[in-house]
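Here are my notes on this one, for when you open it for the first time.

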Amino acid sequence: GASRTAREMSRRKAFGTVNTLGARAGACRRSLFCVFRKVPVPQNAALELQPIDLRVLRHDRREVQRGRADRSCKIRGGRLVCDRGIASKTYDVWIVPEAIAERAGEDGLLDAVSNGLGVGRS
């Protein structure tokens, strides 16, 4: 969620029965958009992202995308804006540097994703 630090867990625990039937994605469950805060992202490192919907019988894996933290992110006119998001056929992602996410605050982050945080749009 926009106000909490993301919780790290092993792959085994994340895909395990207890998590699949219980906490799932925590504050992000039952939501079409989400914010994961304070995820360690090495500076200038390429990352691989793959959202996975933890369905009970069969997990729905989305396509893998490669990307980097978006150094274009800033607060403009009181809103979070970024220019270099990652777009796939089924999802969009912005990797916002934590310092900028902190400045945007919980409300600013939620406003950005709930108002169509598409690639290249505010």
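**Notes on the chain**

1. Lys38 sits in the loop between α2 (17-21) and β1 (47-49); helices here are DSSP runs of H or I with at least four residues, strands are runs of E with at least two, and both are numbered from the N terminus. The phi of Lys38 is near 55°, a positive value in a residue other than glycine. For background, most residues other than glycine have a negative phi.

2. A word on what you are looking at: this is a predicted model, where local features need pLDDT of at least 70 and side-chain atom pairs count only at pLDDT 80 or more, while totals for chains, interfaces and linings use all residues. Numbering runs from 1 along each chain as its sequence is written, and side-chain values use heavy atoms, with hydrogens and water left out.

3. Now the overall layout. The chain has 3 helices and 8 strands, in the order α-α-β-β-β-β-β-β-β-β-α. Of its 122 residues, 31% are buried. Taking contacts (heavy atoms within 4.5 Å) between residues at least 6 apart in sequence, 55% join residues at least 24 apart.

4. How many disulfides does the structure hold? There is 1, counting a pair of cysteine sulfur atoms within 2.5 Å as a disulfide. The partners are Cys73 and Cys82, with their sulfur atoms 2.0 Å apart. Their link is right-handed, with 115° about the S-S bond. Both ends are covered: Cys73 is buried at a relative accessible area of 6%, and Cys82 is buried at 1%.

5. Those cysteines turn up again in the largest nonpolar core, which has 13 residues; such a core is a set of buried Ala, Val, Leu, Ile, Met, Phe, Trp, Tyr and Cys residues joined through side-chain atoms within 4.5 Å. Val35, Cys73, Leu80, Cys82, Val96, Ile100 and Leu109 touch the most other members. Helix α3 gives the most to this core, with 6 residues. Leaving aside neighbours within four places in sequence, Val96 is in contact with Cys73, Leu80, Cys82 and Ala101.

6. Do look closely at α3 (residues 98-114). This helix has 17 residues, yet its end C-alpha atoms are only 19 Å apart, short of the 24 Å that a straight helix would reach (the expected span is 1.5 Å times one less than the number of residues). Where does α3 bend? The bend is at Gly105, by about 100°, taken as the angle between axes fitted to the seven residues ending there and the seven starting there. Gly105 is also among the buried residues of α3, which include Ile100, Ala104, Gly108 and Leu109. The cover over these buried residues includes β5 and β6 (79-81).

7. Last, Ala69, in the loop between β4 (65-67) and β5 (74-76). Is Ala69 buried or exposed? Ala69 is buried, with a relative accessible area of 17%. Setting aside neighbours within four places in sequence, Ala69 is in contact with Val41 and Ile95. The C-alpha atoms of Ala69 and Pro97 are 6.3 Å apart, though 28 residues separate the two along the chain.

How values were computed: Buried means under 20% relative accessible area, exposed over 50%, partly exposed in between (1.4 Å probe, protein chains only).
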